[in-house]
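Open the model in a viewer and keep the sequence panel in view. The stops below each give a selection and then what is found there.

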Amino acid sequence: MTDCVQVSTATESREAAERLARGAVAARLAAGAQILGPVTSVFWHLGRFGTGEEWQLVLRTTADRYPALEAYLLEHHPWNNPEVAAIPISAGSAGYLDRVRGAAPPDEHESGN
């Protein structure tokens with residue numbers, strides 16, 4: 001198991017996904033992001049069954065940076081209650097994982113340094 005996670009959310013448009021991605025990566029909350037879509041989602045929400053076209057946003061960060069990334073996504077997301085989910089990256093090439101760690105370093109204020 002590594003200390004890196006892959007975080008996903010979805011938006012109604014490519015532009016909204018790109019704004020979230022640019023902001024998160026520029027703030028060094030994530031090492032990088034990919035925008036996939038459009039995708040068709042099938043879901044239950046607010047007691048109703050539905051389908052819709054969405055753009056999926058996938059970001060990579062460290063477990064330590066996840067809380068700050070989650071807070072950013074929730075604050076800037078166009079939806080009131082968006083999906084924000086993280087799954088652990090169980091393994092990966094050493095160089096890639098080092099790049100994720102280096103691009104999304106711990107916040108000095110969060111770590112007490």
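Is arginine 22 buried or exposed? At 58% relative accessibility, arginine 22 counts as exposed; here buried means under 20% relative accessible area, exposed over 50%, and partly exposed in between, with a 1.4 Å probe and protein chains only. The model is predicted, so local features need pLDDT of at least 70 and side-chain atom pairs count only at pLDDT 80 or more, while totals for chains, interfaces and linings use all residues. Residues are numbered from 1 along each chain as its sequence is written, and side-chain values use heavy atoms, with hydrogens and water left out.

**Stop 1: helix H1**

Helices (H or I, at least four residues) and strands (E, at least two) are DSSP runs, numbered from the N terminus. An α-helix has 3.6 residues a turn, so residues three or four places apart point the same way. Glutamate 18 is partly exposed, at a relative accessible area of 29%.

**Stop 2: the other salt bridges**

By this rule the count comes to 3 salt bridges. Select arginine 101 and aspartate 3, whose side chains meet in a salt bridge at 2.7 Å, N to O. This pair links distant parts of the chain: arginine 101 is in helix H3 (residues 94-103) and aspartate 3 in the segment before E1, 98 residues apart. Arginine 101 is partly exposed at 30%, and aspartate 3 is partly exposed at 36% relative accessibility.

Aspartate 98 and arginine 101 both belong to helix H3, 3 residues apart, about one turn of the helix. Aspartate 98 has a relative accessible area of 47% and is partly exposed.

**Stop 3: threonine 62**

Threonine 62 lies in strand E3 and is buried, with a relative accessible area of 7%. Leaving aside neighbours within four places in sequence, its contacts (heavy atoms within 4.5 Å) are Asp3, Cys4, Val5, Val100, Arg101 and Ala104.

**Stop 4: threonine 11**

Move to strand E1 (residues 4-11), where threonine 11 is found. Threonine 11 is buried, at a relative accessible area of 0%. Beyond four places in sequence, the residues touching threonine 11 include Ala16, Ala17, Leu20 and Trp55. Its side chain reaches the backbone nitrogen of alanine 17 at 3.4 Å.

**Stop 5: helix H2**

Which residues of helix H2 (residues 66-76) are buried? They are Tyr66, Ala68, Leu69, Tyr72 and Leu73. Look down the axis of H2: these buried residues fall within an arc of 165°, so they line one face of the helix. The arc is that of the directions from the helix axis to the C-beta atoms. The face turned away from the buried side of H2 carries the exposed residues Pro67 and Glu75.

Beyond this helix, select proline 78, in the loop between H2 and strand E4 (85-88). Proline 78 is partly exposed, with a relative accessible area of 42%. Its contacts, apart from neighbours within four places in sequence, are Glu12 and Ala16.

**Stop 6: backbone geometry**

Most residues other than glycine have a negative phi, and most peptide bonds are trans. Select arginine 28, in the loop between helix H1 (14-26) and E2. Arginine 28 has a positive phi of about 65° although it is not a glycine. Leucine 46, in the loop between E2 and E3, also has a positive phi, near 55°. Leucine 46 is exposed, at 77% relative accessible area.

For the peptide bond, select glycine 37 and proline 38: the bond from glycine 37 to proline 38 is cis, with omega near 0°. Proline 38 is found in strand E2 (residues 32-45).

Definitions and conventions
Polar contact = N/O pair within 3.5 Å; in protein donor to acceptor, adjacent residues only side chain to side chain. Salt bridge = Lys/Arg side-chain N within 4 Å of Asp/Glu carboxyl O.
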